[in-house]
Amino acid sequence: MRAIWTGSISFGLINIPIKMFSAVQESSLDMDMLDEKDHSNIKFKRVNEKTGKEVTFADIVKGYKIDDKYVIVEDEDFEAADAVKTKTIDIQSFAYEKEIESIYYEQPYFLEPDKGAMNAYGLLRDALEFTGKVGVTSFVLRNKESLAILKPYKNLILLNRIRFEQEIRDTTELKLPAISKKTSKEMDMANKLIEQLTEKFDISAYKDEYTDKLLKIIKQKAKGKKQTKAPKLEVVHKQSDDLLSMLKASLDKKKSS
C-alpha cells in the first residue's frame, strides 16, 4: 500500500506522526470505454477550450470564478487558509459511536504510526478500545476540510471520514407515512418476523455475487459461448392491503424452510 497523506494526530499535548492509507478497494470490474465501430480505446484529454490544444497536468492551475473572472488559487493559498489543519488530525472531542447516524459515514482510512510514534499510537488505540469511545476530528485532505472519527479497528486506528450536517439533504419534500406509536396485530406479526430473521452479523457471509457472475459471463463470452437471456422481472408497484395475511405467510414460510 502507498500512503496518500502524512501528518500527525493531535491528542491533548501529544503529537502522533502517522501515515494514512486507503482502507477500501473497488470490487467492481474495471471496464474500458471503446469505440463501437472498431473497439479502439476512448481516450480523454485535457484541452484548452480556446486553442483546442492538449495541456499537460503540470501546466494546469486551479481557479475560482468571481464576476466572470478567474482568481488563481495556489498551494500557499490553501495552506494560508489553515496551515495547521493541512498537516494535523486534531481530536476536538470524544463521543460514543452509536450517537453518530450511519448517514454521516463516508470513507475509511487506515492510520499507521510513523517513526518514533509506536508507543503514543498504541496508547491512543488502546484508550479508545477501553473507553468504547471515538475521537471526533477535523483535518484537510486534498484541499478540502473533512470531519472524521478515530476508532480502534483490529490492531490499528481507523479514521472514518464523515459528512458535515449541511451536506445531508432535507427530507421534508418526501411523501412518507406517519410514524405510528400504537401497537397492532400487524406490528406484532412484523416484530415476530424480524425476530425470527435476526442472527449475528457476519460480514464474511456476504459476497459481491453480481461481479462474480458478470465476470463468469464475460469469460464464457470470450470462449464464444452463447449467453442465456436474463429472466424477465416484473416490478410490483402495489401490494395486497392485507398485510396481516402476508406477514403470517412469511412467518410460515420461514418455519417450513
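How many aromatic pairs does a search of the whole structure find? I ran that search on this predicted model and noted 3 aromatic pairs.

**Entry 1: aromatic pairs**

I looked up the rings of Trp5 and Phe139 and found their centres 5.8 Å apart. Their planes stand at 70 degrees, so I recorded the pair as edge-to-face. Trp5 belongs to strand β1 and Phe139 to strand β7 (residues 133-141), and the pair thus links distant parts of the chain, 134 residues apart.

Phe11 has a relative accessibility of 23% and so counts as partly exposed. Phe94 is partly exposed as well, with a relative accessible area of 40%.

**Entry 2: Ser8**

I located Ser8 in strand β1 (residues 5-11). Is Ser8 buried or exposed? Its relative accessibility is 8%, so I listed Ser8 as buried. The side chain of Ser8 makes a polar contact with that of Asn15, at 3.3 Å. Setting aside residues up to four places away in sequence, I found that Ser8 touches Asn15, Ile16, Pro17, Ile18, Lys87, Thr88 and Ile89.

**Entry 3: nonpolar cores**

I examined the largest nonpolar core and recorded 21 residues. Ile9, Ile89, Leu111, Leu150 and Leu159 have the most contacts inside it. At least two residues of this core come from each of β1, β2 (14-22), β5, β6 (105-113), α2 (118-131), β7, β8 (144-153) and β9 (156-162). Which element gives the largest share of this core? I found that β9 does, with 4 residues.

**Entry 4: the hairpin of β3 and β4**

I traced strand β3 (residues 62-66) and strand β4 (residues 69-73), which run antiparallel and are joined by 5 bridges. Lys62 stands opposite Val73 in β4. The hairpin has 2 residues between the strands, and I noted that Asp67 takes a positive phi near 50 degrees.

Conventions: Residues are numbered from 1 along each chain as its sequence is written. This is a predicted model: local features need pLDDT of at least 70, side-chain atom pairs count only at pLDDT 80 or more; totals for chains, interfaces and linings use all residues. Side-chain values use heavy atoms; hydrogens and water are left out. Two strands pair if DSSP finds at least two bridges between them. Buried means under 20% relative accessible area, exposed over 50%, partly exposed in between (1.4 Å probe, protein chains only). A polar contact is a pair of N or O atoms within 3.5 Å; within protein, one must be able to donate a hydrogen and the other to accept it, and residues adjacent in sequence count only if both atoms are side-chain atoms. Contact means heavy atoms within 4.5 Å. Rings of Phe, Tyr and Trp (its six-membered ring) pair if their centres lie within 6.5 Å; planes under 30 degrees apart count as stacked, over 60 as edge-to-face and the rest as tilted. A nonpolar core is a set of buried Ala, Val, Leu, Ile, Met, Phe, Trp, Tyr and Cys residues joined through side-chain atoms within 4.5 Å.
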